[in-house]
Amino acid sequence: MEKKYHPQQIEVKWQEHWDDSKAFYAEDVSDKPKYYCLEMFPYPSGRIHMGHVRNYSIGDAIARYKRLQGFNVMHPMGWDAFGLPAENAAIKNNVPPAEWTYQNIDSMREQLDRLGFSYDWDRELATCHPDYYRWEQWLFTKMYEKGLVYKKNAMVNWDPVDKTVLANEQVIDGRGWRSGALVEQRPLEQWFVRITAYAEELHDDLERLTGWPERVRTMQREWIGRSEGAKVKFAIEGFEQDHIEVFTTRPDTLFGVTFMSLAPEHPLVPKLAQAGGLENEVEAFKREVAKISRDERLAGNYEKSGIFTGVYCQHPLTGRDIPIYIANFVLMDYGTGAVMAVPAHDQRDFDFAKKYQLPIRVVIQPEDHHLDEDDLPEAYEGAGVMDNSPGFNGEPNGAGKKKITEALAAKGLGEASIHYRLRDWGVSRQRYWGAPIPMMYDENGGTVPVPDDQLPVALPEDVTITGGSGSPLSKMDEWVEVTTDLTASGTARRETDTFDTFFESSWYFIRYCCPRDDQQMVSADAAKQWLPVDQYVGGIEHAVLHLLYARFFTKVMRDLDLVDIDEPFDNLLTQGMVIKDGSKMSKSKGNVVDPNELIDRYGADTARLFSLFAAPPEKDLDWNEQGVEGMYRFLNRLWGLSAEYLTSDYRDKTEQSGDKTLLRKMHQTIKKVTEDMERHRFNTAISAMMELLNEMPRFTAEQNPQVSWPVLHACLETLAICLSPIAPHICEELWQSLGHQEALQVASWPSYDEDYLQADSMTIVVQVNGKLRSKIELSVNASEEDIDALAMVDAKVMKHIEGKTIRKKIFVPGKLYNIVAT
């Protein structure tokens, strides 16, 4: 064994060995228990960053640990390869998105290999490959058959100069990223997936996800937004066939409604504007609202405004006329697109009423004071008793909710209802680099799903992207126009929209079970063998959309008899960000650390070790160059001490005086590291191994060794195995140097002996009048009398009690002995 640590040489050697021997190939048929470990797959941008290193080091440590514990581990990797960056790069570099993407995949795979991650590359997939997206196209048609897919108008970001739809990230300060034109909100017919059909199950099943962080479950719970309340119908003056329906969680405030607010996109708005003779004014108002993005309207940090339609609706219980307004803060896809406004008990309605001088009617009085609607400084949104509510006055408002709802139901004008904030998922994207939506249109505009035997609908890859005037697909007549026997004319036009890229990432973890199966989306045997994922690792930024869509896809696939699980991920770990100079690493801030430079200088093991030692995985990691140096020194120390022991002539097998003490420390370390690995507390596991390494030189002084070679050898083996999930290359080399013929990854995780965890002796602190004066070492079986006898003859103690009267002796078993003397 060389005396100097050469990480680059060692790492290349073992990476080649793992690759050649398919060391991390997952067996579909095995007697071992399965363990499916997965990190969220990356977008192939071309370069990995320290966030990748941390994320994948966490997952790899778990996968390697479980493999050493005897599990049949599946640990795959792939590429979330569709998306807008490839189109932007195509415009900038004049290269087709497919070519750019596949080049980046090759580059990133090579970078990941340099870090020694234990991936089963035989299961690698890329979502931009037709063999992959074929099956999500197939699933989409099955969802269509089940009534889970439909088409409707929805608002999009429209660039009036480039005449194209923009993604939210292409809108900068309200303007198109290329043209600089003010972006408008326009309705466009798009495909939707009916995720709301699973809203109740998605909400209720969160209680089953006990292996998920509560923070993530709370975020999903709030996003789904379950609310109990009532649906209420308001008749419209002069409109016998139409009515306005609202959902409210506060039916107890029904008598306080003084105006109605509609979303500008509400389907009744054109009729109401025409009836009120305000068509031009309403259209002008709608154009102004269209300049506000949906996200801004949701955020609410803009001036609230509205316009009266000239039409009234009727209060369902009193018949009172209520003016109907169009308001810029009401969204059509949020609730019913209509809000019954109760300004006395809702602050937003209060501000709007004050601005437009609308009535304010108090209908809930707090118990400790009286509200005067003529002198109300702000809305009162708390609990109380009902007031100004004929037939319900004096009722506690909680009970009033039920009674008002019952009164509405009796008149056929309302009913109790559970409402979900969750909206159906719009999956259409008017962009090129995505999976084509597998639909066609006949000569009358009717929808024709692409048959199974014509899938995949392959995306043409040899294209030129210019960035203007929409997706190039719509201009490719030879691709758009198809012949088919499914229409009367024998021809059809393809859908030119592509899927939202979340569509691909919503089921990739299932495809890893059988990525080369060209006959089915997933085989029943493979799904039963591997699903659900045992441990999922990824960023908190994916807490809602990706994880929610993955849960939805799993439930849909279950109902189509494709899988037999209800939830995709048993356990979830959300790692923190990598911070440098006070902010997240990013190219724009110039604070990026290149992992390749780190590997070139220190080796992959040091990079992995630092990323797991610097902070617990769920916390943000502050980049620290000194911390990296510290991890490099630790590995050098491990190597140097191992080389010193292994190249020395010392091989005494006779039991030595320090054997028991060092063995106790070794078994304590195994116990500590095992417990910490189970809890993903990698930083404290590393600390425990550092302590063992620091302890060893105490017993191995060249002139007077106090430990036998078998004990020293066992400690080195323990360090090699326990550290290997985190720093695998150096540990494999140490393992081989210790005389093992087989590679370390097929070894077994060590167990600890409880007998060695019991100490033979204990240290008792001796105090005089509460101050430390001495420490005494004695048997763990020593009595209080034994301790007293030793303490009373201890020179350091005697010095402080000489000439004094002992008043009291206080004994805390196993810890201290305090003598009170005056």
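This is a predicted model: local features need pLDDT of at least 70, side-chain atom pairs count only at pLDDT 80 or more; totals for chains, interfaces and linings use all residues.
Which residues of helix 24 are buried?

Residues are numbered from 1 along each chain as its sequence is written, and side-chain values use heavy atoms, with hydrogens and water left out.

**The whole chain**

Begin with the C-alpha trace of the protein chain, which spans about 105 × 80 × 50 Å along its principal axes. The secondary structure comes to 27 helices and 32 strands, both taken as DSSP runs numbered from the N terminus (helices are H or I with at least four residues, strands are E with at least two). Of the 822 residues in the chain, 53% are buried, where buried means under 20% relative accessible area, exposed over 50% and partly exposed in between, with a 1.4 Å probe and protein chains only. Among the contacts with a separation of 6 or more, 72% are accounted for by residues 24 or more positions apart, a contact being heavy atoms within 4.5 Å.

**Helix 24 and helix 1**

Now select residues 728-737, which form helix 24. Eight of its ten residues are buried, namely Pro728, His729, Ile730, Cys731, Glu732, Glu733, Leu734 and Trp735. The cover over these buried residues includes helix 1, helix 2, helix 19 (604-613), helix 20 (625-647) and helix 23. After helix 24 comes Gly739, with a positive phi near 105 degrees.

To see the contact, show Ile10, Glu11, Lys13, Trp14, Gln15 and Trp18 of helix 1 with Pro728, His729, Ile730, Glu732, Glu733 and Gln736 of helix 24. By class, these residues divide into five nonpolar, three polar and four charged.

**Ser57 in helix 2**

Next, select Ser57, which lies in helix 2 (residues 50-68). Ser57 counts as buried because its relative accessibility is 0%. Leaving aside neighbours within four places in sequence, Ser57 is in contact with Phe117, Arg608, Ser611 and Leu612.

**Helices 22 and 23**

Move to helix 22 (residues 682-695) and helix 23 (residues 709-723), whose axes are 11 Å apart at an angle of about 160 degrees. The two helices are therefore roughly antiparallel to each other. Their contact brings together Met689, Leu692 and Leu693 of helix 22 with Cys715, Thr718, Leu719, Cys722 and Leu723 of helix 23. Seven of the residues in this contact are nonpolar, one is polar and none is charged.

**The nonpolar cores**

Finally, display the largest nonpolar core, which has 183 residues; such a core is a set of buried Ala, Val, Leu, Ile, Met, Phe, Trp, Tyr and Cys residues joined through side-chain atoms within 4.5 Å. Helix 23 supplies the largest share of this core, ten residues. Phe140, Tyr508, Phe552 and Leu723 have the most contacts inside the core. Centre on Phe140, which touches residues including Val149, Trp191, Phe499 and Phe503, not counting those up to four places away in sequence. A second, separate core of 33 residues includes Val232, Phe255, Val363 and Ile404.

Technical notes. Axes are lines fitted to C-alpha atoms, for helices over the stretch in contact, and angles run from 0 to 180 degrees between N-to-C directions. Angles under 35 degrees count as roughly parallel, over 145 as roughly antiparallel, 65 to 115 as roughly perpendicular and the rest as oblique. Ala, Val, Leu, Ile, Met, Phe, Trp, Tyr, Cys and Pro count as nonpolar, Asp, Glu, Lys and Arg as charged, and the others, Gly among them, as polar.
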